[in-house]
Amino acid sequence: MADALEIVCASAEATQAAAAALGRACEAGTVIALEGDLGAGKTTFVQGLARGLGVPESVRVQSPTFAIAHRHAQGRLPLDHADFYRVDDPDELTELGVAEAIAAPDGVAAVEWPSRCPSILPPDRLELSLRIEGAARRLVAHATGPLAARVLGAWRAELC
Ligand SMILES: Nc1ncnc2c1ncn2[C@@H]1O[C@H](COP(=O)(O)OP(=O)(O)OP(=O)(O)O)[C@@H](O)[C@H]1O
Ligand SMILES: [Mg+2]
């Protein structure tokens with residue numbers, strides 16, 4: 001299917017390399033919803049994404065579980081990295097100024113545990129799921145709108 005992509009990443013480094021390719025392919029306004037169990041590799045993926053966007057290695061990209069969101073502005077496009085794991089109410093995201101950054105990002109938004117607060121996400125997004133298969137991770141991505149479909153196509157080209 002043109003609007004879907006499936007890859008198996010054998011190591012954390014392979015997941016980060018695939019994510020870096022997506023970072024090079026992202027356009028302003030790209031929203032990436034990252035599904036997957038605890039430890040599936042969502043934060044690991046965002047670390048690679050940040051590198052692909054040009055965020056330097058010296059900047060640590062960590063789980064924003066407690067802060068809910070971190071902004072990394074050092075790359076080609078700003079990256080808002082959010083984790084909805086501890087979000088109970090969408091109003092919290094509005095109060096923190098996170099809702100706007102996710103609903104209409106000026107750069108790229110990556111959201112861990114998006115299903116905890118799905119109403120915040122825009123209709124056009126790249127949905128990505130990570131499934132644990134031993135040391136490997138099966139990564140399935142699909143686009144839900146035209147912007148995400150363009151980014152998915154560019155990502156596929158970057159992976160070649
Ligand atoms: N193929 C792989 N891809 C990604 N991570 C891997 C892989 N193999 C092993 N790992 C390890 O799995 C762990 C993934 O942790 P990570 O924090 O990225 O998960 P997460 O999905 O963000 O979890 P959480 O839901 O707690 O936020 C890391 O320790 C990473 O090194
Ligand atoms: Mg995480």
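Trp113 lies in the loop between E5 and E6; helices (H or I, at least four residues) and strands (E, at least two) are DSSP runs, numbered from the N terminus. The model is predicted: local features need pLDDT of at least 70, side-chain atom pairs count only at pLDDT 80 or more, and totals for chains, interfaces and linings use all residues. Residues are numbered from 1 along each chain as its sequence is written, while chains are lettered from A and ligands numbered from 1 in the order in which they are written. Trp113 is not a glycine, yet its phi is positive, about 55°. Trp113 counts as partly exposed because 19 other C-beta atoms lie within 10 Å. A residue is buried if 20 or more other C-beta atoms lie within 10 Å of its own, exposed if 12 or fewer, and partly exposed in between, with C-beta atoms placed from the backbone.

Ile68 also has a positive phi, of about 75°, although it is not a glycine. Ile68 is found in the loop between H2 and E3. With 17 C-beta neighbours inside 10 Å, Ile68 is partly exposed. A positive phi, near 100°, is likewise found at Gly54, which follows H2.

Helix H2 spans residues 42-53. Its 12 residues reach 16 Å from the first C-alpha to the last, close to the 16 Å expected at 1.5 Å a residue. The expected span of a helix is 1.5 Å times one less than its number of residues. H2 is mostly covered, with 11 of its 12 residues buried. Among the buried residues are Phe45, Val46, Leu49, Ala50 and Leu53. Lys42, Gln47 and Arg51 are buried too. The buried residues of H2 pack against helix H1 (12-25) and against strands E2 (30-35), E3 (69-72), E4 (79-83), E5 (108-112) and E6 (126-133).

Lys42 belongs to helix H2. Lys42 is buried because 28 other C-beta atoms lie within 10 Å. Leaving aside its neighbours within four places in sequence, Lys42 is in contact with Leu34, Gly36, Glu112 and Leu130. Two residues are in contact if their C-beta atoms, placed from the backbone, lie within 7 Å. The C-alpha atoms of Lys42 and Ala136 are separated by 13 Å, with the two residues 94 apart along the chain.

Helix H1 has 14 residues. H1 reaches 20 Å from its first C-alpha to its last, close to the 20 Å expected at 1.5 Å a residue. Its buried residues include Thr15, Gln16, Ala18, Leu22 and Ala25. The buried residues of H1 pack against strand E1 (4-9), H2, strand E7 (136-143) and helix H5 (146-159).

Two helix pairs involve H1. Two packed helices are described by the angle between their axes and the distance between the axes. Axes are lines fitted to C-alpha atoms, for helices over the stretch in contact, and angles run from 0 to 180 degrees between N-to-C directions. The axes of H1 and H2 come within 6 Å and cross at roughly 45°. H1 is therefore oblique to H2. Angles under 35 degrees count as roughly parallel, over 145 as roughly antiparallel, 65 to 115 as roughly perpendicular and the rest as oblique. The crossing of H1 and H2 is right-handed. A crossing is left-handed if the near helix is turned anticlockwise from the far one by less than a right angle, and right-handed if clockwise. The contact is made by residues including Thr15, Ala19 and Leu22 of H1 and Phe45, Leu49 and Leu53 of H2. The residues of this contact divide into 11 nonpolar, 7 polar and 2 charged. Ala, Val, Leu, Ile, Met, Phe, Trp, Tyr, Cys and Pro count as nonpolar, Asp, Glu, Lys and Arg as charged, and the others, Gly among them, as polar.

H1 and H5 pack at an angle of about 130°, with their axes 8 Å apart. H1 is therefore oblique to H5. The crossing of H1 and H5 is right-handed. Ala18, Ala21, Leu22, Arg24 and Ala25 in H1 meet Val151, Ala154, Trp155, Glu158 and Leu159 in H5. This contact has 8 nonpolar, no polar and 2 charged residues.

Pro90 is in helix H3 (residues 90-95). Pro90 is partly exposed, with 16 other C-beta atoms within 10 Å. Leaving aside its neighbours within four places in sequence, Pro90 is in contact with Ala99, Cys117, Ser119 and Ile120. The C-alpha atoms of Pro90 and Pro118, 28 residues apart along the chain, are separated by 8.9 Å.
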